[in-house]
Amino acid sequence: MSTKKVKRYVVRQGKKPGIYTSWKQCQAQVRGFAAARFKSFASKEDAEQAYELWYVQWVSNKLYIQELIRTEVIIKDSICVDAACKGNPGDLEWRCVRTSDQKELFRSHLYHEGTVNIGEYIALLRGMKRLLDNDRPHRVIYSDSRTAMSRVAKGKHNSMLTRTNRNAPLKHALEQRELRLDTRKPKITIKKRDTKSRGEIPADFGRK
């Protein structure tokens, strides 16, 4: 039995945007289409996540811009965020560092019965607020979580985590962060850290 992986092709701009399983199908959507934009991915999951991020950007005129990067130069005048969770759910924390020198700018308290997705989502919101409050000329923030980026773009986490006495402070922090999402501010660019080619994001806790 063949174990060859089937590439997925995401058509961002073409006759019919979507995800295709062959180059022939993709080519049919982009051939002769002015300013066609498309990209191949090695897995179905990567393609679906990329399409979701791009789709949100096309259909909404929100503050946040999501980008997937592989070879472009890392912008030093930026910040990075990440989260770590021991267990699922488990003890959760998140932090933010400057990309240029990895100086820690903030770190959360330790929250109980959390998930890494919640941590990465809140870290992004806190990082963006910091950029806006400091009125940075280049408002760029890096994350290694497509899930967190997608949920920020949608404006809501939609966490399925059941509230308990132990995680009530985390659920409260999540709700308060969402209330502070202000789309009237200048644009921020959220960039996806390509950890396969670039290594771990500078904000990584180094516990793997």
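Author: A salt bridge is a side-chain nitrogen of Lys or Arg within 4 Å of a carboxyl oxygen of Asp or Glu. The model is predicted, so local features need pLDDT of at least 70 and side-chain atom pairs count only at pLDDT 80 or more, while totals for chains, interfaces and linings use all residues. Residues are numbered from 1 along each chain as its sequence is written, and side-chain values use heavy atoms, with hydrogens and water left out.

Reader: How many salt bridges does a search of the whole structure find?

Author: One of them pairs E93 with R107, whose closest N and O atoms are 3.4 Å apart. A search of the whole structure gives a total of 6.

Reader: Which strands hold E93 and R107?

Author: Strands here are DSSP runs of E with at least two residues, numbered from the N terminus. The salt bridge between E93 and R107 ties together parts that are 14 residues apart in sequence, because E93 lies in strand β6 (residues 90-98) and R107 in strand β7 (residues 104-107).

Reader: Is E93 buried or exposed?

Author: Buried means under 20% relative accessible area, exposed means over 50%, and partly exposed is in between, using a 1.4 Å probe and protein chains only. R107, with 39% relative accessibility, counts as partly exposed. E93 has 11% relative accessibility, and therefore counts as buried.

Reader: Which residues are linked in a network of salt bridges?

Author: The side chains of R95 and E104 meet in a salt bridge at 3.0 Å, N to O, and R95 is buried at 12% relative accessible area, whereas E104 is partly exposed at 32%. E104 also forms a salt bridge with R107, with the closest N and O atoms 3.0 Å apart. The network is made of E93, R95, E104 and R107.

Reader: How many disulfides does the structure hold?

Author: A disulfide is a covalent bond between the sulfur atoms of two cysteines, and the term is used here for a pair of cysteine sulfur atoms within 2.5 Å. The sulfur of C80 is too far for a bond, because the closest cysteine sulfur, in C96, is 7.6 Å away. The number of disulfides in the structure is 0.

Definitions and conventions. Helix = DSSP H or I, 4+ residues; strand = E, 2+ residues; numbered from the N terminus.
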